[in-house]
Every structure is written in C-alpha cells, then in structure tokens.
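Hi,

Here is the structure I promised to pass on. Have a look at it first, and my notes follow below.

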Amino acid sequence: MKKTVVTIFFILSIVFIFSSCKRPASKAVILTTEINMEHQILNYESTKKEGSSHSGKYYSSVDSVSKYGAGYSFVIADSLKEKNLTIYVKGWVREQMTPIDGTIAVAISTSKGVAKWHELVSKDKAYKPGEWTEINDSLTFESSLLKDQFVEISVFGFKQRGSDKFDTDDITIKYKFFK
C-alpha cells in the first residue's frame with residue numbers, strides 16, 4: 001500500500017510539473033541605431049556638411065536636386081517577418097524657409113518595389129526658419145506587410161521640392177518587432 005501511495009504521489013507530481021509549465025511569451029526584439037555624422041562612414045558623404053549642426057561638427061543637408069540625405073537601411077531577417085513593427089524616430093530638422101518642404105522619410109521596400117512610404121515631418125507644426133526643431137514620431141506596421149521574401153526598411157532625410165536646403169542631425173531610430 002505504501003508503495004502504491006508513493007507511486008501515485010510521484011505520478012501526480014510529474015503531471016503537476018508538466019501541466020504548470022508554460023511556453024514563455026514571445027518577447028519583443030528591439031534594434032536601435034544612431035546616425036552619427038561624426039564617427040560613421042555614410043553612403044551619403046555628399047550630403048555631409050560642416051558647420052552649424054545641432055550638435056557636433058557635421059550635419060546632413062539636401063535640396064530638391066540632391067534629394068536623399070543621411071539615413072539607415074537594413075534588410076529584415078526572416079525570423080522577424082512574423083512580427084509587427086513599430087519604428088520610432090527622434091532627431092532634429094532645419095530648413096531656411098517655411099512652410100517646410102523636407103521630411104524624414106520611412107520607406108518599406110519589397111521585391112515588388114516600395115510597399116509603404118511615410119513622411120514624419122508634420123507640415124502643420126510651427127517651424128522657425130533657420131532654427132533646429134526636434135522631431136519625435138513613430139509608425140506601426142502589421143506583420144502582413146513584412147512577409148515578402150525581401151523586405152528592406154529605410155529611414156532618411158528627403159526633399160523633392162523647394163529651393164532651400166533641408167538639414168537633419170542627431171537622428172536616432174528604434175525598431176521594435178513584437179507579436
């Protein structure tokens with residue numbers, strides 16, 4: 001009898017242990033990058049300007065002829081394509097004339113072309129000509145947008161109209177992949 005009680009207790013203990021084990025919740029994956037004009041080799045060397053930056057020695061400056069400013073692009077790993085994505089962008093922008101024509105662009109490209117294009121600099125915000133203005137914005141994309149075999153996310157300064165320069169500096173980008 002004692003042996004039977006011990007056996008039953010042992011079996012119940014095992015069942016209890018296995019039934020209380022839960023699969024850990026899927027954790028968010030967070031990647032952060034800073035576009036540092038001081039210490040980083042950039043693809044946009046032609047937009048790198050020295051002088052009245054927001055901080056440091058250099059900033060990125062574009063106009064409607066040289067449209068694409070300093071930015072960051074990466075191809076999404078397959079392991080992240082099942083997750084939703086929020087992109088947080090923080091930094092400083094400046095333009096000599098208002099209304100402001102430049103922007104921080106967020107482009108999601110797939111093997112079929114540009115799937116999404118967003119501009120983060122609000123045309124409604126009050127900008128002072130020639131002064132640095134902080135931007136702090138975010139966008140969220142559903143995982144269905146990221147399911148292509150090739151998905152690249154790009155964040156960069158962009159200006160396609162107007163005759164003055166659009167400047168960016170101290171841009172920080174945070175990518176949060178989550179279920």
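I call a residue buried when its relative accessible area is under 20%, exposed when that area is over 50%, and partly exposed in between (1.4 Å probe, protein chains only). This is a predicted model, so local features need pLDDT of at least 70 and side-chain atom pairs count only at pLDDT 80 or more, while totals for chains, interfaces and linings use all residues. Residues are numbered from 1 along each chain as its sequence is written, and side-chain values use heavy atoms, with hydrogens and water left out.

Let me start with the aromatic rings. Phe, Tyr and Trp rings (for Trp, the six-membered one) pair if their centres lie within 6.5 Å; planes under 30 degrees apart are stacked, over 60 edge-to-face, and the rest tilted. Searching the whole structure gives nine such pairs. In one of them, the ring centres of F74 and Y175 are 4.8 Å apart with the planes at 80°, so this pair is edge-to-face. F74 belongs to strand β4 (residues 68-75) and Y175 to strand β10, so the pair ties together parts 101 residues apart in sequence. Strands here are DSSP runs (E, at least two residues), numbered from the N terminus; helices would be H or I runs of at least four. Both F74 and Y175 are buried.

W117 and F158 also pair edge-to-face, at 5.1 Å centre to centre and 80° between the planes. W117 sits in strand β7 (residues 113-119) and F158 in strand β9 (residues 151-158), 41 residues apart. F158 counts as buried because its relative accessible area is 6%, whereas W117, at 36%, is partly exposed. Together with Y68 and F156, W117 and F158 form one aromatic cluster.

K48 is over Y58, at 4.3 Å from the ring centre, and K176 is over F178, at 5.9 Å.

Next, the backbone. Most residues other than glycine have a negative phi, and most peptide bonds are trans. The T98 to P99 bond is cis, with omega near 0°, and P99 lies in the loop between β5 (84-95) and β6 (103-110). D170, in strand β10 (residues 166-178), has a positive phi of about 55° although it is not a glycine. Its relative accessibility is 22%, so D170 is partly exposed.

Best wishes

Conventions: Lys NZ or Arg CZ within 6 Å of the ring centre and 35° of its normal.
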